[in-house]
Amino acid sequence: MTQQIEIDGASPWDGVATERDERPSRIRISGGRIESLLPSGSSSSDGEGVRVFRYSPTATVLPGLIDCHVHMSLDPLVFSADEQMRIPSEKVWAGMQQRALAMVQAGITTARDLGAGKWMEIALRDRIGRGELPGPRLLCVGQPLTSPGGHCHFWGGEARGDEAVRRVIARQVEHRVDWIKVMATGGVFTKGTDVSKPQYDEAELRGIVAAAGEHGRHVAAHCHGTAGIRNAFASGVRTVEHCSFAGSDGFGSDFDPSFVPQMVRDDVWVSSTVNATWGRRREKDGKPTPFWERMSTCLGALRREGVGLVASTDAGIPGVQHHQLPEALAVFARYAGLSPVEALRSATSEAARALGLEGETGRLQPGLAADLIVVEGDPTLDLSALLRPRLVVAAGRVVFEANWDLARERAD
Ligand SMILES: [Zn+2]
């Protein structure tokens, strides 16, 4: 049973506006949906069975956050793919439940899982969707398509040639995936693959997009190298993951500014997987690192040209925890030169558009799912407010409530 909830007194940011609305609001939630959004002080509907949460106008209520790229099944403390694959399924499942809880309690109310081998994340998606487990709404891809021996081949999605590609896609659809993922270049964590080299050419990617489209699925393409990025943009995929312009000197070393104007599309988004650990890679011995200089140049150019950018972390890869999108957003803003509001949109309304969920979540609007967070402070001015959550409601359920007054009393 979802509850009837009222959130009263916080100042709203709707997921789109250029600033927070300074008029305190009263938000009514019923049946898992936002029922109304009115000025605070308008006739109270306090009734029996309504849980009321009151805040001061210094607090902000905003849409729950969306991470466009995670791996629920991967343990970020396990550093090799071989070791990940040896973890027994029961242990993987227990870890997935813990990660889902940590994510939603940190304010991440939607996430897209971009690959695993055994479709366990689909079972997790369904159990969260039925209200049996706390966690973010999940979209899942199952086994990513990859070339024989290619990036993450151990997940089982190897395919070369139209027939094999169609077979792998049909298998994912049978397991009820939401999206199709393709590894368009090599990847960092698979030995023997080359991040700078394409795994499929443009014609092959077009074939994959067409086959996925026949099943009504969009395609997410993992791309590091520039040739792979070009192929992906030419082929009709909907999100380009990483987009790191990786060359022989690492990420950003093969950046091609002349290609950036072609990346501005209404229906293609770059999901750049800037995670919280990138914050520590900005400086060394008090000097900016080549990594920072290259990646801030790439991402800054995309942002200035108006390329659609959505927030994502690749949580699950070594050292990248699942609940850290709030920290990662500030780092992403730094690298891409985003204002706090632009960074927030990339993790709310824009992310929802990229994922095809704009009719479901990503904004504070009556009729949409009640996915929202209350934080202390104004994140449209300072993203660190996201690290001070007071309340998280996911699909109409209260999944986190911080009672700071009580904590303070106890400390006295
Ligand atoms: Zn990934």
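**Notebook: helices, core and domains**

**Entry 1: helix 4 and helix 5.** I started with the contacts between two helices: Asp162, Val165, Arg166 and Ile169 in helix 4 meet Gly207, Ile208, Ala211 and Ala212 in helix 5. I took contact to be C-beta atoms, placed from the backbone, within 7 Å of each other. Helices here are DSSP runs of H or I with at least four residues, strands are runs of E with at least two, and both are numbered from the N terminus.

I noted that the model is predicted, that local features need pLDDT of at least 70 and side-chain atom pairs pLDDT 80 or more, and that totals for chains, interfaces and linings use all residues. Residue numbers run from 1 along each chain as its sequence is written.

Next I looked up how the pair is set. The axes of helix 4 (residues 162–174) and helix 5 come within 10 Å and cross at roughly 40 degrees. That angle makes helix 4 oblique to helix 5. Axes are lines fitted to C-alpha atoms, for helices over the stretch in contact, with angles from 0 to 180 degrees between N-to-C directions. Angles under 35 degrees count as roughly parallel, over 145 as roughly antiparallel, 65 to 115 as roughly perpendicular, and the rest as oblique. Helix 4 passes helix 5 in a right-handed crossing. Right-handed means that the near helix is turned clockwise from the far one by less than a right angle, and left-handed that it is turned anticlockwise.

I also checked Arg167, which lies in helix 4. Arg167 counts as exposed because it has 12 C-beta neighbours inside 10 Å. The cut-offs for C-beta atoms placed from the backbone are 20 or more others within 10 Å for buried, 12 or fewer for exposed, and partly exposed in between.

**Entry 2: helix 5 and helix 6.** I followed helix 5 to its contacts with helix 6. Glu202, Leu205, Arg206 and Val209 in helix 5 meet Asn231, Ala232, Ala234 and Ser235 in helix 6. The axes of helix 5 (residues 202–214) and helix 6 (residues 226–235) come within 9 Å, at a crossing of roughly 45 degrees. With that angle, helix 5 is oblique to helix 6. The crossing of helix 5 past helix 6 is right-handed.

Entry 3: I found Arg238 in the loop between helix 6 and strand 12. Arg238 is buried, as 22 other C-beta atoms lie within 10 Å. Leaving out residues up to four places away in sequence, I listed its contacts as His218, Val219, Ala220, Asp267 and Val268. Arg238 and Gly356 are 118 residues apart in sequence, and their C-alpha atoms are 9.9 Å apart.

His242 lies in strand 12 (residues 239–246). His242 is buried too, with 27 C-beta neighbours inside 10 Å. Its phi is near 70 degrees, a positive value in a residue other than glycine. Most residues other than glycine have a negative phi.

I noted a positive phi of about 45 degrees for Thr273, which is not a glycine. Thr273 sits in the loop between strand 13 (269–271) and strand 14 (283–284). With 25 C-beta neighbours inside 10 Å, Thr273 is buried.

**Entry 4: the core.** I looked up the largest nonpolar core, which has 119 residues. Those with the most contacts inside it are Val182, Ala221, Leu329 and Phe332. Helix 8 (residues 325–336) gives the largest share of this core, 8 residues. The core takes at least three residues from each of domain 1 and domain 2. Such a core is a set of buried Ala, Val, Leu, Ile, Met, Phe, Trp, Tyr and Cys residues joined through C-beta atoms within 7 Å.

For Leu329 I listed contacts with Ala311, Ala343, Ala347, Leu383 and Leu386, not counting residues up to four places away in sequence.

**Entry 5: the domains.** The chain is divided into domain 1 (4–63 + 362–411) and domain 2 (65–354). These bounds come from an automatic or database domain assignment. The domain centres, taken over C-alpha atoms, are 30 Å apart. Their contact takes 23 residues from domain 1 and 24 residues from domain 2. Strand 18 (389–394) and strand 19 (397–401) each supply at least two residues of the side of domain 1 that touches domain 2. Strand 18 gives the most to that side, with 3 residues.

Last, I looked up Phe53, in strand 5 (residues 50–54). With 19 C-beta neighbours inside 10 Å, Phe53 counts as partly exposed. Phe53 touches Ile7, Asp8 and Leu391, residues up to four places away in sequence not being counted. Its C-alpha atom is 36 Å from that of Met120, 67 residues apart along the chain.
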